[in-house]
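This briefing is meant to be read with the sequence and the structure side by side. Please look at the picture before going on to the points below.

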Amino acid sequence: MLQTKITSREIENTAPEAPSLEQTISSALALMSRQYPVMIFTLLLCICLAGVYVFTAPKRYTGTAILMIDSRKMQGLQTQAPASGADNPIDSAMVDSQVELLKSEAIASKVIKDLKLAESADFMSDGGGLLSSISSAITGIFSESTPPTEEQILRAALARFASGLSIKRVGVSYVIEISFQALSQELAARIANAVADGYIVDSLESKYQASRRAAVWLQDRLKELRSQASSAERTVADFKAKNNIVDAGGRLLTEQQLAEINTSLTAARSQRAEAQAKLERITAILNADSDDSKVILNDLATVSETMANPVITKLRQTYLEYAAKQADWSNRYGSTHLAVVNLRNQMREIRRSIIDELRRTAEVYKSDLEIAKAREESSQKSLNDTIAVSNNTSQAQIILRDLESNAQSARALSDNFLQLYMVSVQQQSFPITEARVISQAASTLPNKTSPRTTLILLAAIVGGSILAALVAILLDMMDRVFRTVSQVEKFVDTRCLASIPVIEQGAIKANSAQSGKAAWRFGKRDKPKPQQASPSHGGSGTTLPLHGPAPAFSHQQSHRDRLLSTEESVGRHVINAPFSRFAEGFRSIKLASDFANFGAGSNKVLGITSALPNEGKSTISEALAQTLAQSGCRTLLIDGDIRNPSLTARLTPAAQDGLIHVVIGQADWRDVVWIDPQTTLHFLPCAITSRFSNSSDLLASQQMDDLFQQLRQHFDRIVLDLSPLAPVVDVRATGGLADSYILVIEWAKSKIDIVERVLGETPVVRERMLGAVLNKVNVSVMSRYDTYGAAYYRNRYYKRYGYVD
């Protein structure tokens, strides 16, 4: 069960992700840019075929008349417009019905008869043409030639008429477009206008007949309705007279009396309640037996404000003034003083006067209360009598309302039918159609519609584009060369360490000129001491002490005489242009080699090879060695391509001794090594004077193995430039020399099948392969093949970190 789960998870993880929309569009654009010549040729071929058809097909013209269904149509049996005042809208089904009516055989037959189309050669002819001629010839072989009857001629004309006629509704509007296609421009216009006129005439005739039948029926019905309305009105008048029902301004007299009496009763009740409240308040004050002056003052204030009695108000004001004096004098002279006693007596007399005035006022309120009660009783009695009379009238009024409603309905129905009858009479004398022609077909305007040149050319362009895309996809599938990083990883089954862009000779010379002055200063004036540090395994730039002594040189030839001249070399570009994609790619290779060495066995010797010659393996070897040497490693570059030592010819054309002389014992390696004065790169050339046939034996010899054992002790890294895999077998003999191999693949040139075959024949390279390098890459073109790969990413964001080409 556990194994099953792991397998399912692995399958899910290894399933390819679907490309995004952006990636799909980018891939399509890249395909177009790669195969555009074939695509353009295919597209032009389709356009040419469409042009041949356009020039050979018969020309047809279309006449178009525009008809509008008027929304202000006749209302039929309706007597008035909608309440909103707008015209009644015509529903979609009604307009569609008119379209079908225009297509009917009745109108077609009328037009054919009026214009005598069955006798017209232009109408009955199909116009010829290449395809039509071929079809007619084939039909004539298998059919008998007998003269047609009139019915057959009419049917053929109807079929021809139906094939040329086109009726359609314009959007969701009330407009109908009538089009007819014919060989003659004038004939097409006449037929389109005749169809519109025929429809209008047919509509007028149908409306006249309908209006005439409706007028006869309405006249009989109107007489009956008038008699019913008169009878209902007489019944209402007789009922009112019998029950003494009299209207006054639209209301009955009993209803008006009830409203007036009810209003009078309400006023009487209000007066009685007010008078009774006043009397009760005065009575309560008179019945109170208290000598407390404060209580009296409060009661007097309440009564004075309620009744608004000026006498009581004045007496109360005087009382308050005496009370203030009495309090003041009592404080001054004492409560027994004669003046204080007199004031107290006067205040007592004022209280008696106020009470007397209250008693008189109470008598007045009693009289008012009696009058109010009598008025209320009288109003209540009148209301009761009127209610009794109103109840009797209401019973009769219910019956009266029914009679009046019947009379009104009968009169309204009679009036409506009278209005409909008048409308129907008017329609008989002047029938109105719902449709009108708003645009007639013109016979003078250019209106050629067949063949549709623009549409045919557009279809040819679209179809040609699709066909061109299919051809481009087919050709792209047949392109069996390495163009993307994903192809390298898929078919070679290894990592693609870097994509090295192609370097133009002009860029090399420009960078060499810019760095020449700095190189002279470093090599002549500020000559460095022998290297004392090497980079860490991780390639982070941190240096560590070297693991062995620096190589010693013989005094027979000074190392000053063996200085490399690499300024014009492509491999030198990593030093002259450190902020280029070229240099960044080799830093990526160096980093991969550093990590391959981390925690494992020795990985000092890197063998550089390719499947075929001229793929740039020597340039890769030189540039990688320069990158390693510049980072602080003691690096040795060896030209191991004994059959064709191109690296020696480029870097040390004056070398007399080299690798072969060291192996056969004619020279010491220290005496034949060349040095780069700027990076202290050591180079062991391979100087030959004639073609060397047993190169594989030399590479597999014990002397070669002993030499590499010595070199491993003196150098941190050794880059071995080997011969190609396909032409010679020398690389198979380097299994004891190289720790790992890097395969160089030329972009857009190396065949996938060849690389797969030579790797299968060289197992030592496949087993120890560190990775592959895609060389001579045209970055701008590669981005079209691998839009979502590393090349696209670098093209888009490279300059954000200060790198330039």
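Which residue of β14 is the bridge partner of Ile638? The partner is Leu684, and this pair belongs to the parallel pairing of strand β12 (residues 635-639) with strand β14 (residues 682-684), which extends over 3 bridges. The model shown here is predicted, and the protein contains 28 helices and 17 strands.

**The protein as a whole**

- Of the 805 residues of the protein, 38% count as buried, and the accessible surface comes to about 45600 Å², of which 55% belongs to carbon and sulfur atoms.

**Strand β15 and its two neighbours**

- β15 runs parallel to β11, to which it is joined by 4 bridges, and in this pairing Gly607 stands opposite Leu720 of β15.
- β15 also runs parallel to β12, with 5 bridges between the two strands, and here Asp639 stands opposite Asp721 of β15.
- β15 is mostly covered, since 5 of its 5 residues are buried.
- In a regular strand the side chains alternate between the two faces of the sheet.
- In β15, Arg717, Val719 and Asp721 point one way, while Ile718 and Leu720 point the other way, and all of these residues are buried.

**Helix α12**

- Helix α12 (residues 310-333) has 24 residues and reaches 34 Å from its first C-alpha to its last, which is close to the 34 Å expected at 1.5 Å a residue.
- Within α12, the residues Ile312, Tyr319, Gln326 and Ser330 are buried.
- The residue that follows α12 is Gly334, and its phi is positive, near 100°.

- Most residues other than glycine have a negative phi, which gives a background for the two residues described next.
- Asp493, found in the loop between α15 (485-491) and β8, has a phi near 60°, a positive value in a residue other than glycine.
- Ala748, found in the loop between β16 (740-746) and α25 (752-761), has a phi near 65°, again a positive value in a residue other than glycine.
- Is each of these two residues buried or exposed? Asp493 is exposed, with a relative accessible area of 62%, whereas Ala748 counts as buried at 18% relative accessibility, because the cut-off for buried is under 20%.

**Salt bridges**

- The count for the model comes to 22 salt bridges, and three of them are described here, beginning with a pair in which the side chains of Asp641 and Lys617 meet at 3.2 Å, N to O.
- Asp641 lies in the loop between β12 and α20 (646-651) and Lys617 lies in helix α19 (residues 617-630), so the pair ties together parts that are 24 residues apart in sequence.
- Both Asp641 and Lys617 are buried.
- Salt bridges that share partners join Glu105, Glu151 and Arg155 into one network.
- Glu151 is partly exposed, with a relative accessible area of 46%, and Arg155 counts as partly exposed at 42% relative accessibility.
- A further salt bridge joins the side chains of Glu177 and Lys168 at 3.6 Å, N to O, where Glu177 counts as partly exposed at 22% relative accessibility and Lys168 is partly exposed with a relative accessible area of 46%.

How values were computed: Residues are numbered from 1 along each chain as its sequence is written. This is a predicted model: local features need pLDDT of at least 70, side-chain atom pairs count only at pLDDT 80 or more; totals for chains, interfaces and linings use all residues. Side-chain values use heavy atoms; hydrogens and water are left out. Two strands pair if DSSP finds at least two bridges between them. Buried means under 20% relative accessible area, exposed over 50%, partly exposed in between (1.4 Å probe, protein chains only). Accessible areas come from the Shrake-Rupley method with a 1.4 Å probe; for residues, only the protein chains shown count as cover. The expected span of a helix is 1.5 Å times one less than its number of residues. A salt bridge is a side-chain nitrogen of Lys or Arg within 4 Å of a carboxyl oxygen of Asp or Glu.
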